[in-house]
Every structure is written in structure tokens, then in C-alpha cells.
Amino acid sequence: MPAPTARTTAWPRFPYASQWFDHPDARMHYVDEGTGPPVLMVHGNPAWSYIWRHLVTGIHDAYRCVAPDLIGMGLTQDHAPLPASLLVGSQVAALDDLVDHLIAERGAPEHGWTVIGHDWGGPIALTWACLHPDRVDRLVALNTLAFPFPADGLPPRWFRLLQRPLPSTVAAHCTTGWVRGAARLGTTTPLPADVRRAFAAPHRRRRHRIAQTRFLRDVPLTCKVPGWSMMTLMQHLTRSLRDHPLLVGWGMRDPVLRPPLADAWQRRFPQAHVLRYPDAGHYVLEDARAELIPTIRHFLDTAPPPPRPAAPHRDLP
């Protein structure tokens, strides 16, 4: 794993300063760029904060962009083994600690956050938002879930095989096949070779791919896998976000998260503005960035925050 540097110049199109938070379980790497209302960007599997580079470039002049690397992913350096319990739960707790650190010690505001999640970053970011609805003004979901898979939106059979211990170990832990394959198959327009290398660079060594394997096994396809409990819990938690503006951007040629899931978002969240990009794949910010990033910027600029409970009235003495 690359050593910490003052600026991540080794990564193409990612000229952002590296920041570090000493969490008990890991030295968490994150990007913190720009000034203004904070926007928390949470990546999925297999990815790291690098996937947000275009969005950071597009909005950091008016918004404070915070993009962490999850524990076990990217440039974050683990201090302890991943927990045996549900991985998403530990990630939410670490994310909560990072935000508390930014508020207490780095001048971030307590309120007015926008939360953006992609892939597994969606359940992690949205669970955090559910726990702090008063801190959050807006939500953005990009090819992700906040509910169990509907019957018409299950991933293809080849992906379901990856939940088994042997296939997931071979694809994601013993080799770089999962991360390299995602960089190739996750977009409809091929990524430049240097960008593909940057996608995979932090996960070159086997010990840096444990979380990828765990995330694959936790995908909530049936009630027998750990991720199912998180998704069913989220169905109840997300009621706390029913008044929050929600933008959903969906790459319709995602080979795993298929088009019926975009419809499921609209059914479950009537307030959502669901945008479908017919020629974009799983990494929708790569294929559709020319349209999607200005749309996200407009959403941040114009979507009103949810109504807040009025403070109790007190008569003057």
C-alpha cells in the first residue's frame, strides 16, 4: 500500500491532499477539499475515494467534499482485523467517528450535510444519515440499495456464485480479479489504462483485499447472508429520511445492479428524483459524468432542506 504523502500526485486526475484520521481500528485516509456546505461521499466495493475525483472537481468550489476510504479499502491502513460481525455496521461506526472528528476538530458544521453513496457505500452512508437525520439536508444514491433485492432485480447467476466462500476467495482475495474486472466491466466506455491501474493500486496485495471478499459475501441476496439484516433494518430506519430531498442516478447497463432496482427506488421513496442513464454502467460517474455532475450540482444548489421541528417557544421573563 502506498505510504502517506502530502498530496496524492501518484493518481491520475486526483490532485487532492491526503488527510488522515487515527481511528482505533485503522488510520483512515480521506479527502477533504473545498469550502462550503459539507458533502460526504462514500464509495463501495471494490473502490476507494478515487472514484469521486470528477465530482470533487465539479463542486469543490462551493462545497466541502469529504471522501473517506472505508476500513479495509483504499489507502486506509488497518490496525486490527476486520470484525467478525456485519462489516457494514463497523463501517457505519467508523464513519460516524470520522464525522464527529471533523465537526469537533476540523471546523465542519454539525448540520447541513449532503450524503452520497455508491454501491456498498449507499447502505453505509444512508444508515449513518438515518442515525443523524437532523444533520443531513440531502441524499444522493448512485447504483446502490437501501432495501433487499426485489425478485425482479436479483443480480445475475454468475454474481450470486461469488457469495460462496471458494469463488469469493479466488476472485477477490487470492487474486486481483475482482477489482480489475470491476474497472473493466463497470463502465461502458473503457477507462484509460492509467485510471484502471489507479482503481486497483491500493489493493495489489492480498492482505489489502480482505474487505472486498467480506463485502461480496454480505450482499443481501437471501436472508441467510449477513447483509440481509442490515437491509431489513434500513427499511425501518429510512422512515426518518422521508422528508429529505433524494436524487437517484442510475447507470442502466450495470451488469449487477439491474434496471428494475431504479424502479424500486421510485416506489419506495416517492420524493425521489430518479434519473436513468441508458448508456452508463455501474460506475455511473465515469460514463455519465458530463450529465450527472451538473445535475448533482444543481440538486445541491436548489433542493430545499427538510423541515426542522420548531424550537420550543419560551416567554421572556
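Asp32 and Arg64 are both buried. In this predicted model, the two residues form a salt bridge in which the closest N and O atoms are 2.7 Å apart. The pair links distant parts of the chain, with Asp32 in strand β2 (residues 26-33) and Arg64 in strand β4 (residues 64-68), 32 residues apart.

## Other salt bridges

Side chains of opposite charge can pair when their charged atoms come close. A search of the whole structure finds nine salt bridges. One of them brings together the side chains of Arg135 and Asp100, at 3.2 Å from N to O. This pair also links distant parts of the chain: Arg135 belongs to the loop between α3 and β7 (136-142), whereas Asp100 belongs to helix α2 (residues 87-105), and the two are 35 residues apart. Arg135 counts as buried because its relative accessibility is 10%, while Asp100, at 31%, counts as partly exposed.

A further salt bridge joins Asp263 and Arg276, with 2.8 Å between the closest N and O atoms. Asp263 lies in helix α10 (residues 260-268) and Arg276 in strand β9 (residues 272-277), so this pair ties together parts that are 13 residues apart in sequence. Asp263 has a relative accessible area of 36% and is therefore partly exposed; Arg276 is likewise partly exposed, with a relative accessible area of 35%. Elsewhere, salt bridges that share partners join Asp61, Arg297 and Asp301 into one network.

## Aromatic pairs and a cluster

A pair of aromatic rings is described by the distance of the centres and the angle of the planes. The whole structure contains 13 aromatic pairs according to the search. In one of these, the rings of Trp48 and Tyr50 have centres 5.5 Å apart and planes at 20°, so the pair is stacked. Trp48 counts as buried at 0% relative accessibility, and Tyr50 is buried with a relative accessible area of 0%.

Trp113 and Trp128 form an edge-to-face pair, with 6.2 Å from centre to centre and 65° between the planes. The pair links distant parts of the chain, as Trp113 is in strand β6 (residues 113-118) and Trp128 is in helix α3 (residues 121-131), 15 residues apart. Both of these tryptophans, Trp113 and Trp128, are buried. An aromatic cluster is formed by Trp11, Phe14, Tyr16, Trp48, Tyr50, Phe199 and Tyr283; the stacked rings of Trp48 and Tyr50 are thus among its members.

## A positive patch on the surface

Five arginines, Arg180, Arg184, Arg204, Arg205 and Arg207, form a positive surface patch. Of these residues, Arg207 is located in the loop between α7 (193-200) and α8 (210-218). Arg207 counts as exposed because its relative accessibility is 54%, and the cut-off for that class is over 50%.

Helix α8 is also the place of Ile210. With a relative accessibility of 39%, Ile210 counts as partly exposed. The C-alpha atoms of Ile210 and Arg157 are separated by 23 Å, and the two residues are 53 residues apart along the chain.

## Backbone features

A cis peptide bond, with omega of about -5°, joins Asn45 and Pro46. Pro46 is in the loop between β3 (38-42) and α1 (53-59).

Arg13 has a positive phi of about 60° although it is not a glycine. Arg13 is found in the segment before β1 (18-23) and counts as partly exposed at 45% relative accessibility. Asp119, also a residue other than glycine, has a positive phi near 55°. Asp119 lies in the loop between β6 and α3 and counts as buried, with a relative accessibility of 15%.

## A buried asparagine in a loop

Asn143 is located in the loop between β7 and α4 (157-161). At 0% relative accessibility, Asn143 counts as buried. Asn143 and Tyr30 are 113 residues apart in sequence, and their C-alpha atoms are 22 Å apart in space.

Conventions
Residues are numbered from 1 along each chain as its sequence is written. This is a predicted model: local features need pLDDT of at least 70, side-chain atom pairs count only at pLDDT 80 or more; totals for chains, interfaces and linings use all residues. Side-chain values use heavy atoms; hydrogens and water are left out. Patches are made of residues with over 30% relative accessible area and no salt bridge: like charges are joined within 9 Å, nonpolar side chains (Val, Leu, Ile, Met, Phe, Trp, Tyr) within 5 Å. Accessible areas come from the Shrake-Rupley method with a 1.4 Å probe; for residues, only the protein chains shown count as cover. A salt bridge is a side-chain nitrogen of Lys or Arg within 4 Å of a carboxyl oxygen of Asp or Glu. Lys and Arg count as positive and Asp and Glu as negative; His and the chain ends are not counted. The place of a charge is taken as NZ of Lys, CZ of Arg, CG of Asp or CD of Glu. Helices (H or I, at least four residues) and strands (E, at least two) are DSSP runs, numbered from the N terminus. Buried means under 20% relative accessible area, exposed over 50%, partly exposed in between (1.4 Å probe, protein chains only). Rings of Phe, Tyr and Trp (its six-membered ring) pair if their centres lie within 6.5 Å; planes under 30 degrees apart count as stacked, over 60 as edge-to-face and the rest as tilted.
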